[in-house]
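Biologist: Thanks for sitting down with me. Could we go through this model together?

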Amino acid sequence: MIILNGGSSSGKTGIVRCLQQVLPDPWLAFGVDSFVDALPARMRESDDGIVFDADGGVGVGPEFRTLEAAWMEGIVAMARAGARIVVDDVFLGGAESQRRWREAVEGVEVLWVGVRCDGAVAAGREIARGDRVQGMAATQADVVHEGVEYDLEVDTGHAESWDCARTIAARVG
């Protein structure tokens, strides 16, 4: 497994698409955005689910955490069954988020990748995308990396997605 962590609009999804092209074997991609999109509508903007604040902050509740744990276990089950998996996530809780993943992936080989991007650059991308609450990218740019340990870090503010994917692929083998 490859687990990428970075803030909103840091370039994770672009790197994942490039990785799927440059890695010699097929890799399945799963992103936290797809997980959030799969939640029932009532859980989006619920204290039990996920709340997107007007200033770009994100809060999650107990029902979100329960479903997130099941999602993680499902992804890891595919890896245990032999699928190559790349995950695009946002560790809102920094080290605590990584701890949850570490528990789920116990016994599975994982390459931990930090995807960094200056908050101002990510904020510009956020505005261009138009599908995010403004302020989310700047708020998350640094906090998602607090206390997280990586095998490798890439910076999409200084390198294109293809270059970052090639760097990651070189570590995969």
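Biologist: Is tryptophan 101 buried or exposed, and at what relative accessibility?

Modeller: A caution to begin with: this is a predicted model, where local features need pLDDT of at least 70, side-chain atom pairs count only at pLDDT 80 or more, and totals for chains, interfaces and linings use all residues. Residues are numbered from 1 along each chain as its sequence is written, and side-chain values use heavy atoms, leaving out hydrogens and water. Buried means under 20% relative accessible area, exposed over 50% and partly exposed in between, with a 1.4 Å probe and protein chains only. Tryptophan 101 therefore counts as buried, at 0%.

Biologist: Which aromatic cluster includes Trp101?

Modeller: Rings of Phe, Tyr and Trp (its six-membered ring) pair if their centres lie within 6.5 Å; planes under 30 degrees apart are stacked, over 60 edge-to-face, the rest tilted. Phenylalanine 35 and phenylalanine 64 have ring centres 5.2 Å apart and planes at 70 degrees, so they are edge-to-face. Tryptophan 71 and tryptophan 101 are edge-to-face too, at 6.0 Å and 70 degrees. The one cluster is Phe35, Phe64, Trp71 and Trp101.

Biologist: Why does serine 10 count as buried?

Modeller: Serine 10 has a polar side-chain atom 2.8 Å from the backbone oxygen of glycine 7. Contact means heavy atoms within 4.5 Å, and beyond its neighbours within four places in sequence, serine 10 is in contact with residues including Arg125 and Thr156. Serine 10 counts as buried because its relative accessibility is 3%.

Methods
Polar contact = N/O pair within 3.5 Å; in protein donor to acceptor, adjacent residues only side chain to side chain.
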